[in-house]
Amino acid sequence: MLREPAADHGIRAERIQKRLGGNDVLRGVDLTVRPGEILSILGSSGSGKSTLLQCLNLLTVPDRGDIWVHGEKLAIRAISQQGGQARILDHRQVRRVRASMGMVFQSFNLWPHKTALENVTEGPVLVKGIRRNAAADLGRHYLAKVGLSDKADAYPRHLSGGQQQRVAIARALAMEPRVLLFDEPTSALDPELVGEVLRVMAALAGEGRTMVIVTHEMAFAREVSTRAAFMHRGLIEEESPPQEFFSSPVSSRLRGFLASHR
Amino acid sequence: MDGFVVQFVNGLKTTVLLALVSGSLGMALGLLAAAGRLSRWRAVSAGIGFYTTIIRGVPELIIILLIYFGGTVAISAFFGRYVEVNAFLAGVVSLTVVFGAYTAEIFRGAVLSIPAGQIEAARSLGLHPWQTWLLVILPQMLRIALPALANQWISLVKETSLISIVGLTDIMRVAAIGAGSLRAPLTFYLAASALYLALTSLALVIFNLLERRFAVPGR
């Protein structure tokens with residue numbers, strides 16, 4: 001389907017609510033991500049940051065609230081009073097939107113029976129209909145970008161955690177998405193492997209890409225973000241440019257959080 | 001005795017054909033049932049759970065007799081005169097139903113053991129659910145299910161011998177006839193055992209090759 005090359009409106013989420021396992025994980029969150037912005041979302045575990053991120057591409061369907069991606073409102077039905085689950089109404093739209101938002105997961109989620117290159121190329125082939133050999137060129141290009149040209153034919157099991165996560169980043173990049181979502185990309189890594197992944201992410205940030213990063217890496221968030229948000233109990237408690245966020249936080253909870261993560 | 005060699009060869013063909021046809025149909029049924037069992041629609045999932053529980057809980061021999069005699073009654077009623085169900089067909093239907101119930105549970109367990117994150121990754125790229133099945137779920141599920149499937153196929157080969165009770169001339173029936181007419185039960189049943197053992201051994205070899213073929217590289 002051809003669409004007008006409309007202005008990129010980024011992402012807008014309004015009054016997002018989600019209840020999971022009897023807990024109100026998200027309690028009416030508003031979030032805006034402007035094009036070119038690098039937004040870090042910080043907060044203690046259980047504050048709802050990962051759930052909020054998963055709501056943006058509807059891997060988790062919010063119970064209530066509206067989401068716009070690149071100016072397009074996502075068709076979802078809210079949870080009903082009779083207990084009917086919230087659900088996606090337009091699956092085709094959601095697949096299109098997901099293809100435009102690359103996601104990188106905490107546990108990499110590479111497919112173990114596919115090589116690094118195959119992990120990267122399956123998306124472009126299956127979703128965008130790119131021919132296999134063209135996709136292979138594309139895949140090699142993005143593997144090179146994350147510094148793994150020599151690992152194209154390696155299976156995930158032969159790669160270190162840091163290398164697996166870089167393949168996962170290449171897999172997201174190969175879809176040439178307009179937004180990159182990172183869900184605690186370094187939390188599952190051994191400390192000595194965190195640096196290689198953060199360096200790749202910093203390089204991507206330097207290209208002016210739109211990125212939303214859920215992370216516990218304070219120094220990285222401070223250095224790379226254009227804006228930081230602090231979540232507490234299912235709401236965004238404070239958001240500001242990184243200088244203010246880290247140097248002169250307003251909320252006492254954020255001050256406490258920053259002090260405990262120094 | 002010479003005449004029985006030919007009969008054993010024909011019986012072997014019938015046994016192999018019965019096992020292959022009901023095994024293939026049964027696996028297809030098992031895959032569908034596993035997908036249904038994992039479905040979000042609770043009625044579908046519960047209905048299939050009922051099917052697998054009942055079938056696995058009743059002796060195969062009774063299922064065969066029920067389908068053979070039940071089939072005969074139903075078809076006779078339909079045509080208004082006595083029609084006997086073909087023994088091979090009754091065998092295929094009953095063994096398919098049984099094999100489907102067991103493999104459904106095997107496939108279901110295998111699907112559940114695939115980490116959810118791999119499926120999330122496929123969804124996050126915008127893959128259609130059936131693309132996710134073909135790319136992520138099916139290849140890994142088959143690998144996980146292979147050892148249990150091998151067991152099930154071996155059981156199936158042996159269970160085909162039960163169909164002889166409704167008159168199918170398979171290895172078992174040839175052996176029984178020979179044992180009776182030549183009064184040499186030991187010879188004939190040992191010969192039948194050797195044939196079944198050869199078939200189950202062949203099945204094991206094939207599954208070993210398949211396991212090697214589907215192994216995750218680097219494991």
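This is a predicted model: local features need pLDDT of at least 70, side-chain atom pairs count only at pLDDT 80 or more; totals for chains, interfaces and linings use all residues.
**Entry 1: a serine in a loop**

I began with A:Ser80, where a polar atom of the side chain lies 2.9 Å from the backbone nitrogen of A:Gly84. I use polar contact for a pair of N or O atoms within 3.5 Å; within protein, one must be able to donate a hydrogen and the other to accept it, and residues adjacent in sequence count only if both atoms are side-chain atoms. Residues are numbered from 1 along each chain as its sequence is written, chains are lettered from A and ligands numbered from 1 in the order in which they are written, and side-chain values use heavy atoms, with hydrogens and water left out.

I found A:Ser80 in the loop between β6 (76-77) and β7 (87-88) of chain A. Helices (H or I, at least four residues) and strands (E, at least two) are DSSP runs, numbered from the N terminus. A:Ser80 counts as partly exposed because its relative accessibility is 24%. The scale is buried under 20% relative accessible area, exposed over 50%, partly exposed in between (1.4 Å probe, protein chains only).

**Entry 2: helix α9 of chain A**

Which residues of α9(A) are buried? In this helix (residues 252-260) I noted A:Leu254, A:Phe257 and A:Leu258. They sit on the same side of α9(A) because they cover an arc of only 95° around the axis, taken from the directions from the helix axis to the C-beta atoms. An α-helix has 3.6 residues a turn, so residues three or four places apart point the same way.

On the face turned away from the buried side I saw the exposed A:Ser252 and A:Ser260. The cover over the buried residues includes β3 (38-42) and α7 (218-224) of chain A; contact means heavy atoms within 4.5 Å. At the N-terminal end, A:Ser251 caps the helix, with a side-chain oxygen 3.1 Å from the backbone nitrogen of A:Arg253.

**Entry 3: a glutamine in α5**

Is A:Gln163 buried or exposed? I read a relative accessible area of 18%, so A:Gln163 is buried. A:Gln163 belongs to helix α5 (residues 161-173) of chain A. Beyond its neighbours within four places in sequence, A:Gln163 touches A:Leu148, A:Lys151 and A:Glu196.

**Entry 4: chain B**

I counted eight helices and zero strands in chain B. Of its 219 residues, 42% count as buried. The C-alpha atoms of chain B fill a box of roughly 70 × 50 × 25 Å along the principal axes.
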